[in-house]
Amino acid sequence: MKFHAIDLPNGKYTQPNNTHKNLFLLALTLVLLTTIPLCLNIPNSPLPSPKSNPSGSKSIEKEDQCQIFSGNWVPYPDGPAYYTNETCNLIIDEQNCMKFGRPDTEFMKWRWKPDACELPLFDAAQFLELVRGKSLAFLGDSVGKNQMQSLLCLLAIVAYPEDISHKYSSNTDYFKRYVYNDYNFTIATLWSPFLVKSRDADHRGHDINSLMSLYLDEPDEAWLTQVEQFDYVIVSAGQWFFRPLIYHENGGVIGCHKCEQDNMTSFVTSYGYRKAFRTVFRTLRSLKNYKGVTFLRTFSPSHFENGAWNEGGNCVRTSPFTKEETKLDGYVLEMYLTQVEELKAAEEQGLQRGLQFRLMDTTEAMLLRPDGHPNFYGHSPHRNMTLADCVHWCLPGPIDTWNEILLYMLKTGYRLSR
């Protein structure tokens with residue numbers, strides 16, 4: 001802070017004697033001693049705020065006002081930014097596109113650029129310090145697990161975790177749990193593709209498109225018994241809701257979705273989707289010992305072209321869409337709006353218990369990335385390899401952006417103003 005001297009008027013003062021002169025100086029001194037402190041304590045003082053940034057770069061306050069979920073993909077020639085399939089041995093075969101011969105690499109050379117700010121690169125050391133002594137769960141389907149696999153590789157730059165899945169579940173293909181011992185940080189997947197209770201309902205047995213029953217007002221026990229242990233929970237779900245389903249509410253059947261059964265009320269996809277999110281959010285609010293921060297990671301679009309997923313569809317593009325080539329509409333918009341509306345209601349109701357429900361909006365960004373899927377370059381013993389995978393995301397790839405966003409939200413407390 002720079003203080004400027006107070007200049008008195010320049011001139012000659014003729015006093016009749018020294019006494020008068022001394023009295024004048026004494027009076028002037030008293031006036032200055034009285035007025036200077038008042039001047040320095042003016043409420044609307046133009047002195048800079050302690051949070052101002054004289055360098056001209058954006059402060060945290062300014063960054064918080066930036067809408068990180070709206071933007072474009074811009075070239076990043078140095079990509080992949082963090083790891084490769086050779087430097088991270090935690091990539092599962094389903095998303096290890098380069099291992100299984102994907103010939104192009106351009107899909108790894110783009111970064112998400114919000115319209116009015118920069119999304120910082122992922123800092124593994126900073127992330128691990130932020131979550132020291134805490135725990136994070138991905139509650140939902142295999143695309144949520146896909147995000148966890150991305151996070152494991154991003155953190156591998158600094159530390160590798162211990163796999164402790166076998167201590168918590170006999171089904172370690174779907175229920176994974178890792179601990180970073182040096183940070184006392186636990187990360188887990190709580191496999192629940194419908195979020196609510198589900199059962200097979202097809203007499204021919206279970207397959208990729210068989211009929212299932214959903215109990216829309218009953219949470220899935222698979223996550224209900226564990227979720228109170230976690231400090232952060234990222235909830236997501238999507239593609240499973242497009243299969244044939246029988247809907248149950250209040251102890252009885254109310255109708256179905258694509259079940260092709262006579263005398264059964266037919267519901268649109270978004271009906272069951274809405275009820276499932278409403279149930280999971282309501283349950284989290286009601287759990288006495290749940291004090292975690294809940295994130296909704298929004299709907300992740302698939303990009304099947306040249307046919308549906310089971311009719312020869314594939315995803316062969318090698319670069320992102322521009323905003324002029326595609327837009328958020330149709331069923332993707334319907335699914336997106338459905339879950340965001342339920343989150344908004346949960347957000348308001350959660351305030352009564354001091355619980356945070358926060359939006360991690362990745363839908364617009366991922367809608368523009370038809371090039372980021374495994375297509376036929378991901379292998380799995382559990383999947384029909386004659387079907388292209390245009391649902392999950394290659395690692396490394398655009399899904400790494402989700403964890404850049406997660407770190408940004410944890411670091412800044414970012415919340416989308418509505």
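Is Glu305 buried, partly exposed or exposed? At a relative accessibility of 24%, Glu305 counts as partly exposed, where buried means under 20% relative accessible area, exposed means over 50% and partly exposed lies in between (1.4 Å probe, protein chains only).

## Basis of the report

The structure is a predicted model, in which local features need pLDDT of at least 70 and side-chain atom pairs count only at pLDDT 80 or more, while totals for chains, interfaces and linings use all residues. Residues are numbered from 1 along each chain as its sequence is written, and side-chain values use heavy atoms, with hydrogens and water left out.

## Salt bridges

A search of the whole structure finds 15 salt bridges, a salt bridge being a side-chain nitrogen of Lys or Arg within 4 Å of a carboxyl oxygen of Asp or Glu. One of them joins Arg278 to Glu342, with the closest N and O atoms 2.9 Å apart. This pair links distant parts of the chain, since Arg278 belongs to helix H6 (residues 269-286) and Glu342 to helix H7 (residues 330-350), 64 residues apart; helices (H or I, at least four residues) and strands (E, at least two) are DSSP runs, numbered from the N terminus. Arg278 is partly exposed at 37% relative accessibility, whereas Glu342 is buried, with a relative accessible area of 7%.

Glu305 takes part in a salt bridge with Arg317, at 2.7 Å from N to O. Both residues are placed in the loop between strand E12 (293-297) and H7, twelve residues apart, and Arg317, at 32% relative accessibility, is partly exposed. A further salt bridge pairs Arg369 with Asp371, whose closest N and O atoms are 2.8 Å apart. Here Arg369 is buried at 0% relative accessibility, and Asp371 is buried with a relative accessible area of 1%. Salt bridges that share partners also join Arg274, Arg278, Glu341 and Glu342 into one network.

## Disulfides

Taking a disulfide as a pair of cysteine sulfur atoms within 2.5 Å, the count comes to four. In one of these, the sulfur atoms of Cys88 and Cys153 are 2.1 Å apart, and the link is left-handed, with -80° about the S-S bond. Because Cys88 lies in the loop between strand E1 (71-75) and strand E2 (110-114) and Cys153 in helix H4 (residues 142-155), the pair ties together parts that are 65 residues apart in sequence. Cys88 is buried at a relative accessible area of 2%, and Cys153 is buried at 1%.

Another disulfide is formed by Cys97 and Cys394, whose sulfur atoms are 2.0 Å apart; the torsion about their S-S bond is about -90°, so this disulfide is left-handed. Cys97 lies in the loop between E1 and E2, and Cys394 in the loop between helix H8 (363-367) and helix H9 (400-412), so the pair ties together parts that are 297 residues apart in sequence. Cys97 is buried with a relative accessible area of 0%, and Cys394 is buried with a value of 0%.

## The Cys315 and Cys390 link

Cys315 is joined to Cys390 by a disulfide with an S to S distance of 2.1 Å, and its torsion of about -95° about the S-S bond is why the disulfide is left-handed. The pair links distant parts of the chain, with Cys315 in the loop between E12 and H7 and Cys390 in the loop between H8 and H9, 75 residues apart. Cys315 and Cys390 are both buried.
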